[in-house]
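Good morning, and thank you for making the time.

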Amino acid sequence: MNFWSQFWWVIFPYLMLATFVVGHIYRYNTDQYGWTAKSSEFLEKEKLKWGSILFHYGLLLVFGGHVVGLLVPKELIAALGISDELYHTFAMFAGGTSGLITLTGLLILLFRRVNVKRVRVTSSISDFVIAGLLLIVVGLGVYNSLTFNFLSPASSDYRETIAPWLRGLIVFRPDASLMEGVPISRQLHTLAAFGILGIWPFTRLVHVWSVPYEYLQRSYIIYRSRRKKGHTDLRKAA
Ligand code: HEM
C-alpha cells in the first residue's frame with residue numbers, strides 16, 4: 001500500500017478530526033464573544049430568508065441520507081427486504097432532491113454574499129473559504145448522487161467502498177485500500193468534507209452547536225403598539 005493512500009485515507013481524516021476537536025476547545029476558551037453565526041439579517045433579509053431555509057432544511061435531509069447510506073451496512077438494508085435496485089432508485093430521487101434543495105439554497109446565499117455590497121464588505125476571508133468548500137462538497141455530492149445511482153449503480157456501489165472505510169475510521173480500524181478504486185469525484189467529495197471539519201472551529205460554523213433550542217419552549221413575549229385603539233399609553237397615564 002502506497003504512502004499517499006495512507007496519507008489521504010488515514011492520516012488526513014484523523015488530522016482533520018483532531019483539529020475539529022482541539023480547535024473547538026481552543027476557540028471556546030479564547031473567543032467566546034466571537035462564538036456566533038455573525039448574522040447579517042439586518043443588512044439584507046429577503047434573499048437570506050430563502051437561501052437559509054432551503055440550505056438548512058436540505059442539509060438536514062442530506063444528513064439523514066448520509067447516516068442511512070454510510071453507517072447502516074448494506075447487508076442490513078438487504079435483510080429488511082430492500083433490493084439494491086430499490087435502494088439506488090430511492091437514493092437517486094431522495095438524495096438528488098435533498099441535494100438540489102441544499103445546492104439551490106447555497107447558491108442563493110453565495111450570490112447574496114458576493115452581490116449585496118453591504119454583506120460582501122462585512123464578510124471575512126473565512127466566510128468565503130467555507131462557502132467555497134461547501135459549494136465543492138455539495139456540488140460534487142449532487143453530481144455523484146445523480147450520475148452514479150443512475151448510470152452505474154451496481155458497478156460502483158459506495159456501500160462496498162466509502163461506507164465500510166468510514167465505519168472503519170470511526171472504530172479506529174481504517175482500511176485505506178477500500179478508497180483506492182473510488183471515482184475521483186467521490187474521493188474529492190469526501191476529502192473536501194473532511195477539510196470542512198478541519199476549519200470548522202475557526203469559522204462561523206461554530207454556531208451549529210449553539211442552536212437556541214429553548215426558544216421552542218419559552219413563553220411568548222407580547223409586543224403591543226402604543227398607538228392602537230383601546231390600549232393605554234402607559235407613559236402618558238403615569
Ligand atoms: C465523511 C464525509 C462524507 C462522506 C464519506 C460522504 C459521502 C457521500 C456519498 C457516498 C454520497 C452519495 C452520492 C454518491 O457518491 O453516489 C454523498 C452525497 C451527498 N453528499 Fe456527502 N459525504 C460526506 C460529507 C458530506 C458533507 C459534510 C456534506 C455537506 C455539507 C455532503 C453533502 C452531500 C450532498 C448534497 C450529497 C447529494 C445528496 C445525497 O445523495 O445525499 N456530504 N455523500
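Which residues have the most contacts inside the largest nonpolar core? Before I answer, let me state that what you see is a predicted model. The residues in question are I162, W165 and F194, and the core to which they belong has 19 residues. At least two residues of this core are supplied by each of helix 1, residues 3-30, helix 4, helix 7 and helix 9. Helix 7 gives the most, with five residues. As a general remark, nonpolar side chains tend to be buried together in soluble globular proteins.

I turn now to the ligand and its iron atom. Which residues coordinate the iron atom of the ligand? They are H66 and H189, each through NE2, at 2.0 Å. H66 belongs to helix 2, residues 46-71, and H189 to helix 9, residues 184-199, so the pair ties together parts that are 123 residues apart in sequence.

Why is the arrangement around the iron atom called octahedral? There are six donor atoms, and the angles they subtend run from 86 to 179°, which makes the arrangement octahedral. The criterion for six donors is that opposite ones are over 155 degrees apart and all others between 65 and 115. For reference, the ideal angles for six octahedral donors are 90 or 180 degrees.

The two histidines can also be described by their accessibility. H66 counts as partly exposed because its relative accessibility is 37%. H189, by contrast, has a relative accessibility of 16% and therefore counts as buried. The cut-off for buried is under 20%.

The side chain of R186 has an N or O atom 2.6 Å from an oxygen atom of the ligand. For S145, the corresponding distance from a side-chain N or O atom to a ligand oxygen atom is 2.9 Å. In the case of H189, an N or O atom of the side chain is 2.8 Å from a nitrogen atom of the ligand.

With a relative accessibility of 11%, S185 counts as buried. Its side chain is joined to that of N144 by a polar contact of 2.8 Å.

The loop between helix 1 and helix 2 contains K38, E44 and K45. Is E44 buried or exposed? Its relative accessibility is 11%, so E44 counts as buried. A polar atom of the E44 side chain lies 3.2 Å from the backbone nitrogen of E46. K45 counts as exposed, because its relative accessibility is 53%. Between the C-alpha atoms of K45 and G195 there are 30 Å in space, and the two residues are 150 apart in sequence.

P73 is found in the loop between helix 2 and helix 3, residues 74-79. At 29% relative accessibility, P73 counts as partly exposed. P73 is 91 residues from P164 in sequence, while their C-alpha atoms are 7.7 Å apart in space.

Finally, a word on backbone geometry. Most residues other than glycine have a negative phi. K38 is not a glycine, and its phi is positive, near 50°. K38 counts as partly exposed, because its relative accessibility is 35%. What is the phi of F172? It is about 60°, again a positive value in a residue that is not a glycine. F172 sits in the loop between helix 7 and helix 8, residues 177-180. Its relative accessibility is 64%, so F172 counts as exposed.

That concludes the presentation, and I welcome discussion.

Terms used: Residues numbered from 1 in each chain as written. Predicted model: local features only at pLDDT ≥ 70, side-chain atom pairs only at ≥ 80, totals over all residues. Heavy atoms only, no water. Donors = N, O, S within 2.8 Å, 3.2 Å for Na, K, Ca; no water. Tetrahedral: all angles 85-135°; square planar, octahedral: opposite > 155°, others 65-115°. Helix = DSSP H or I, 4+ residues; strand = E, 2+ residues; numbered from the N terminus. Buried < 20%, exposed > 50% of the residue type's maximum accessible area, 1.4 Å probe, protein only. Polar contact = N/O pair within 3.5 Å; in protein donor to acceptor, adjacent residues only side chain to side chain. Core = buried A, V, L, I, M, F, W, Y, C linked by side-chain atoms within 4.5 Å.
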